[in-house]
Amino acid sequence: MLSLKNNKVILFNPRSAKWKHRIPNSILQVGASIYGKYDFDFIDGNMEVDPWLKIVTLLKTGNYKYVGFTVMPGPQLKEAIPFSKKIKEQFPNITVVWGGYFATNQHKVVLESKYVDFVVSGPGDTVFPELLEALDNNEPYNKIKNLIYIEDNKIVKTPKQKLLNQDTLPKLPYEYFHKFYPISDYLAKTFMGNKTIGYHSSLGCPFTCSFCAVVPIYNAKWQGKSAQNIYEDIMWLKQNFGLDAIEFHDNNFFTSRKRVVEFSELMKDEGIAWWGEGRIDTINKYSDDDLALMSKAGCKMIFFGAETGSDEVLAQMDKGGTQTAAQIREVAARMQQFGIVPEYSFVLGMPGDNEQKVMKQIKDDINFIKEIKTINPNTEIIIYLYSPVPSEGSELYERITKAGFAFPATLEDWLNPTWENFDLRRNPLTPWLTPKMIDTIQNIETVLNGYYPTASDYRIVGFKKVLMKTAAWWRYKMGFYILPYEIKAMHKFWKYRQPEIEGFYSE
Ligand code: B12
Ligand code: SF4
């Protein structure tokens with residue numbers, strides 16, 4: 001039954017990229033949960049020149065009662081925070097609900113701001129419609145799972161829901177979404193194909209890396225849609241919108257070998273290219289036959305959290321205990337054999353006992369990255385500065401708190417540009433990292449991106465690539481990374497897109 005006229009819902013995706021954005025799967029999936037039960041509008045901040053005007057125009061009709069925001073750390077906060085504040089000031093009867101990674105991991109400051117009424121902590125698939133129903137009928141909501149709210153000045157957290165069987169979830173309402181924003185506007189030309197879509201086939205991750213935002217939300221649980229179900233969605237998108245490439249946005253697409261092999265069998269004659277994120281130790285258990293099949297089925301590149309070349313630091317990160325430097329080398333070599341590009345991300349600047357140790361680790365990792373490039377020059381390297389995630393109670397969290405690190409005390413403090421840089425892992429504000437260390441890491445990153453420009457930015461070819469490589473090669477070979485302004489200038493001039501910040505370059 002559709003809701004009464006004045007109970008409509010707005011689902012808002014705040015702007016996350018300057019241009020060529022991904023389809024906003026978070027609000028699409030939340031939309032699926034209320035489709036047919038509530039009237040709702042999608043607003044994608046990425047697609048609107050003035051999204052606030054759009055929101056306020058709808059709210060002024062008096063037909064709306066709820067606004068749901070999906071919020072990741074970083075640029076999305078620039079719209080999520082001021083818009084929520086203005087909604088509360090101008091429309092105090094509207095219920096504001098936040099979901100997503102930032103909302104969940106930073107729920108305390110979010111709720112203490114007083115302009116967010118509820119945080120949905122983790123999946124919202126059954127929780128969101130239940131919450132709306134309870135609010136609509138003036139019924140208690142304290143029995144609904146995955147909710148965080150303030151009652152009597154105290155933060156209340158309801159129990160966590162077991163992860164649902166993803167095949168039981170409703171299909172994403174692509175056709176309904178299409179009425180608001182044409183799906184074709186999200187099909188991007190990337191290094192993989194002319195019509196690339198972002199698709200999310202599973203929730204959570206079975207591992208517990210101590211630095212990862214997924215862990216406090218999913219507590220080492222994972223659930224994925226079946227290969228058949230994913231295949232059907234993809235074929236539907238292919239038939240209706242001509243899609244020819246997919247970015248799998250799952251935290252860990254390759255968790256179930258059986259599912260990946262089944263999926264590859266289904267995909268092997270479809271001519272669709274794909275990319276996904278996985279773990280080195282998991283993929284290393286795949287046989288050569290599996291990898292050959294995946295390659296045949298269109299797998300072009302796999303993103304791996306390589307993190308560091310130190311076994312000691314890997315153990316400290318709690319990578320599940322099985323990833324080693326030797327495996328990182330081995331997988332780089334194996335991927336080359338099957339024509340799949342390994343995209344390795346490294347996390348530099350982890351806490352150490354003293355300054356010398358932190359610096360030594362950074363230098364060792366830089367040498368390790370160069371070694372990987374020698375093993376497989378096609379390896380894409382992504383460097384992050386270690387930014388802590390507040391998984392309260394964890395050993396790492398205790399350590400960084402003792403070392404003097406603290407998160408912003410208010411929600412609006414997150415809008416400070418230094419915290420945006422923190423979110424983007426450009427400047428982690430961690431007390432054990434000196435400016436010299438940050439410079440060292442960022443300079444090597446610039447030189448590396450000069451000598452080995454990412455293959456995902458397919459505009460950097462021909463003379464651009466040659467010029468950049470020439471400018472960077474002597475620095476790279478001599479290990480001389482200081483002040484690489486000439487390379488920075490080229491990156492700026494050619495608008496080099498770092499995939500880790502805004503996703504793959506696309507048109
Ligand atoms: C696609 C994506 C992006 C896209 C943009 C997405 C967009 N919204 O437009 C791009 C590439 C731009 C991007 C960038 C960044 N991202 Co990002 N991104 C993702 C990714 C891969 C998928 C998100 C997604 O679509 N999920 C699919 C939906 C269905 O899942 P979901 O969002 O979790 O939604 C469910 C629940 O959370 C909840 N829910 C979510 N929103 C809402 C809202 C309401 C109202 C309700 C009720 C419920 C609800 O219900 C949903 C259904 O169950 C995630 C990792 C992941 N696998 O989720 C990282 C992730 C969210 N990103 C992350 C980060 C850090 C960033 C960056 C800040 C930095 C970086 N380089 O990684 C940048 C900068 C952000 C920016 N520019 O705004 C982190 C967040 C970590 C943290 N500390 O909280 C994640 C978790 C990746 C990771 N493991 O580190 N990102
Ligand atoms: S394997 Fe990846 S997604 Fe899973 S906990 Fe570790 S870093 Fe997070």
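Which residues surround ligand 2? The shell consists of Cys205, Phe207, Thr208, Cys209, Cys212, Val214, Val215, Asn251, Asn252, Arg279 and Gly305. A residue is near a molecule or strand here if its C-beta atom, placed from the backbone, lies within 6 Å of it. By class, the shell around ligand 2 has six nonpolar, four polar and one charged residues. Nonpolar covers Ala, Val, Leu, Ile, Met, Phe, Trp, Tyr, Cys and Pro, charged covers Asp, Glu, Lys and Arg, and the others, Gly among them, count as polar.

Before going on, some housekeeping. This is a predicted model, in which local features need pLDDT of at least 70 and side-chain atom pairs count only at pLDDT 80 or more, while totals for chains, interfaces and linings use all residues. Residues are numbered from 1 along each chain as its sequence is written, and chains are lettered from A and ligands numbered from 1 in the order in which they are written.

Ligand 1 has 44 residues around it, and the closest are Gly68, Gly74, Gly99, Gly124 and Ala213. The elements that give two or more residues to this shell are helix H1 (25-34), strand S3 (64-70), strand S4 (95-99), helix H4 (101-105) and helix H21 (499-502). Helices (H or I, at least four residues) and strands (E, at least two) are DSSP runs, numbered from the N terminus. H1 gives the most, with four residues. The shell around ligand 1 divides into 19 nonpolar, 19 polar and six charged residues.

Now the sheets. Seven strands form an open sheet in the order S2-S1-S3-S4-S5-S6-S7, with mixed pairing; two strands pair if DSSP finds at least two bridges between them. At the edges are strand S2 (40-44) and strand S7 (154-157), each pairing on one side only. From one strand to the next the twist averages 20 degrees. Strand S6 (residues 147-151) and S7 are antiparallel, over four bridges, and Ile148 has Lys157 in S7 as its bridge partner. Helix H6 (residues 127-136) packs on this sheet, touching strand S1 (8-13), S3, S4, strand S5 (118-120) and S6, and its direction makes about 155 degrees with that of S5. Axes are lines fitted to C-alpha atoms, for helices over the stretch in contact, and angles run from 0 to 180 degrees between N-to-C directions.

The other open sheet has six strands in the order S8-S11-S12-S13-S14-S15, with parallel pairing. Strand S8 (196-199) and strand S15 (380-385) stand at the edges with a single partner strand each, so one side of each lacks a neighbour in the sheet. Six bridges join strand S13 (residues 299-307) to strand S14 (residues 341-348), and Met301 stands opposite Val341 in S14. H14 packs on the sheet, touching S13 and S14.

That leaves the helix pairs. The axes of helix H14 (residues 325-337) and helix H15 (residues 355-375) come within 9 Å and cross at roughly 30 degrees. H14 and H15 are therefore roughly parallel to each other, a label for angles under 35 degrees, with over 145 being roughly antiparallel, 65 to 115 roughly perpendicular and the rest oblique. In H14, Ala325, Ile328, Arg329, Ala332 and Ala333 meet Phe368, Ile372 and Ile375 in H15; contact requires C-beta atoms, placed from the backbone, within 7 Å. Seven of these residues are nonpolar, none is polar and one is charged.

Helix H18 (residues 435-451) and helix H20 (residues 485-493) have axes that come within 9 Å and cross at roughly 60 degrees. Thr446, Val447, Asn449 and Gly450 of H18 and Ile487, Lys488 and His491 of H20 make the contact.

Key
Contact = placed C-beta atoms within 7 Å.
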